[in-house]
There are 2 protein chains.
Amino acid sequence: MTTQTGHEIRLASRPHGWPTPENFALVTVEVPDPGPGQVLIRNTYMSVDPYMRGRMNDVPSYVPPFQVDKALDGGALGEVIASNSDRVRVGDTVMHGYGWRDLVVLDDKRVRVMDARGVPSPSVLLGALGMPGLTAYVGLLDIAAFQPGEAVFVSGAAGAVGSMVGQIAKLRGAARVVGSAGSAEKVDYCVNKLGYDAAFNYRDGRVKDLLRDAAPDGIDVYFDNVGGDHLTAAIFSLKRNGRVALCGAIDQYNATAPVAGPPNLALAVGKRLTLRGYIVSDHESRMPDFLAEARVWLRDGKLACDDTIVDGLAKAPEAFIGLLRGENTGKMVVKL
Amino acid sequence: MTTQTGHEIRLASRPHGWPTPENFALVTVEVPDPGPGQVLIRNTYMSVDPYMRGRMNDVPSYVPPFQVDKALDGGALGEVIASNSDRVRVGDTVMHGYGWRDLVVLDDKRVRVMDARGVPSPSVLLGALGMPGLTAYVGLLDIAAFQPGEAVFVSGAAGAVGSMVGQIAKLRGAARVVGSAGSAEKVDYCVNKLGYDAAFNYRDGRVKDLLRDAAPDGIDVYFDNVGGDHLTAAIFSLKRNGRVALCGAIDQYNATAPVAGPPNLALAVGKRLTLRGYIVSDHESRMPDFLAEARVWLRDGKLACDDTIVDGLAKAPEAFIGLLRGENTGKMVVKL
């Protein structure tokens, strides 16, 4: 059996608080030729996602924790360069769950052959048309039960998920879509590229005040990517029968002590609010519905999907840390 | 026009924090004879309820605030002693919204004629078979979507609403029902009279630990009457797809500063939790369903409804303050 030399990023140590480059190690490995029913893949793009921070802690969660001195994993796209499968061929573009490495051998049932036609960059298959896009679609339409004519507030509004929430809300007939992001550039991007009716930089004041100014008539739906002050502000601005999709709390992923919850949660009684958490992997059956709509929007030029692309496997830890700092606009991906 | 001498309790001043007897004033008033379509009622029982505390603040809420120097109001039962109505007769037992007084003249469309047959005390019509009972029924079955075989946790477990939640959960097939209350006597009442599988005195330790010991396999539903530490503990103990009915936050009604929210709310994402606030007045259409079930349970001796009865209108402020302190077991009512 021959092998080829590949590279992978391992978890060198568990971060305490914010991750640092020292928590990661780039290692050279020998990758075998594909056995029966297997394919050898050269990865072209890999995803870095906020949920990966949780997996770096040694606590039970909805996905098992990463192991120290083992390779990290996550969503990736690659090209099949050798195949022992009768289903997947050399040259196919495939999606799979073995990112954080450049070469990988996998059973063909672990890969999905992708159709990259009509997408501006293959990386879009990891972002706007991938898991983040589905997260936005399910959270807005199924979890928050958004209806046309309603007002929507999105935090992390320029990120992989948030940018899709804002756009889907507008395309599905929202009366007003308001976004929060962490820089003037992102605010500009939200309003001028993504079509938000208003957006603000949450570093410019109290989120409660900024939101009230941006949505003076209140909101019906809050799509929560961050938790913390944003959730509190949303509870103040939500109208009667308002809904919150709890998608993530990036504010808290690096916290080393408990973070206070919204001090105004008791308002949920009188306002008849619903707050609902969800995980996109429970809703994969909605992918065909989502893609049917999203591919039309994309074809018709109605969907902006600008990714932040970092170059090279060695830079993947940096890309991940940058993601947690909010350095991305749109989906953060690493080009391998 | 002749009149008769009656008495009413007015809001003398708005409480700051805990209410005191000085916030109330007992006043003598002249009550006119009933005009056309009106009835004169001698009230027999009046309700004191936690939500009334919110109405003593001058802030917009789901019911308008009480006015200083005006009579308070709330649910009451009375006997018609004079009638100018062709629908309501002298001798009828009626329910209406004008408590905190002994005599009242009302248009007949503002009163509901009640059937007190088969109930151990007319006060039950204000409690187990009244608004608190419906609150329990709707919150457990509609808001928290309780299913037979699930485990339920209730705070304020011996109170007007909580005692009904616990009993309805058992009668509807809960696998395990756990309650929290504020004294050893109430814990005993929960287990030995109401049929809870387990109950604890929340003053005996950390609610998180007490709940874990009482429901070691976790809970599916939390019925929240108190907020604060109880909600935090419930979020820790809730299983995947768990639901919380947010009914009230008595912990916070007398707070003079914001109360921190649950520091673990971010767990709602991975656990796929739903937290939903509601107000019973939105759900009055469920009253016939509730009464159809509850009257059968009562007839068959399956429903305990022990009220705490305080004697005399002058004691109503004391009864209300005692309610906020948790001095009641079951519904707190004032006998007039």
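User: What's the order of strands in the open sheet of 12 strands?
Analyst: The order is β10(A)-β9(A)-β8(A)-β11(A)-β12(A)-β13(A)-β13(B)-β12(B)-β11(B)-β8(B)-β9(B)-β10(B), and the pairing is mixed. Strands are DSSP E runs of at least two residues, helices are H or I runs of at least four, both numbered from the N terminus, and two strands pair if DSSP finds at least two bridges between them. Keep in mind that this is a predicted model: local features need pLDDT of at least 70, side-chain atom pairs count only at pLDDT 80 or more, and totals for chains, interfaces and linings use all residues. Residues are numbered from 1 along each chain as its sequence is written, chains are lettered from A and ligands numbered from 1 in the order in which they are written, and side-chain values use heavy atoms, with hydrogens and water left out.

User: Which strands stand at the edges?
Analyst: β10 (198-201) of chain A and β10 (198-201) of chain B; each has a single partner strand, so one side of each lacks a neighbour in the sheet.

User: How do β8 and β11 of chain A pair, parallel or antiparallel?
Analyst: Parallel, over 3 bridges, with β8 at residues 151-155 and β11 at 219-224 of chain A. Phe153(A) sits opposite Tyr222(A) in β11(A).

User: Switching to helices: at what angle do α2 and α8 of chain B pack?
Analyst: About 100°, with the axes 10 Å apart; α2(B) covers residues 131-143 and α8(B) 287-299. Axes are lines fitted to C-alpha atoms, for helices over the stretch in contact, and angles run from 0 to 180 degrees between N-to-C directions. α2(B) and α8(B) are therefore roughly perpendicular, a label for 65 to 115 degrees.

User: Which residues make the contact?
Analyst: Gly133(B), Leu134(B) and Tyr137(B) from α2(B), against Met287(B), Asp289(B), Phe290(B) and Glu293(B) from α8(B). Contact means heavy atoms within 4.5 Å.

User: And what rotation superposes chain B on chain A?
Analyst: One of 180°, with 0.0 Å of shift along its axis and an RMSD of 0.0 Å. The superposition is by least squares on C-alpha atoms of residues with pLDDT of at least 70 in both copies. The two copies are thus related as by a two-fold rotation axis.

User: Which residue of chain B comes closest to that axis?
Analyst: Gly261(B), with its C-alpha at 1.9 Å. Also, 100% of the contact residues of chain B recur in chain A, so the same surface serves both copies.

User: Last one: what does β5 of chain B pair with?
Analyst: β5(B) (residues 93-96) runs antiparallel to β4(B) (76-83), joined by 4 bridges, and antiparallel to β7(B) (112-113), joined by 2 bridges. Glu79(B) has Thr93(B) as its bridge partner, while Val94(B) has Val113(B).

Terms used: Parallel < 35°, antiparallel > 145°, perpendicular 65-115°, else oblique.
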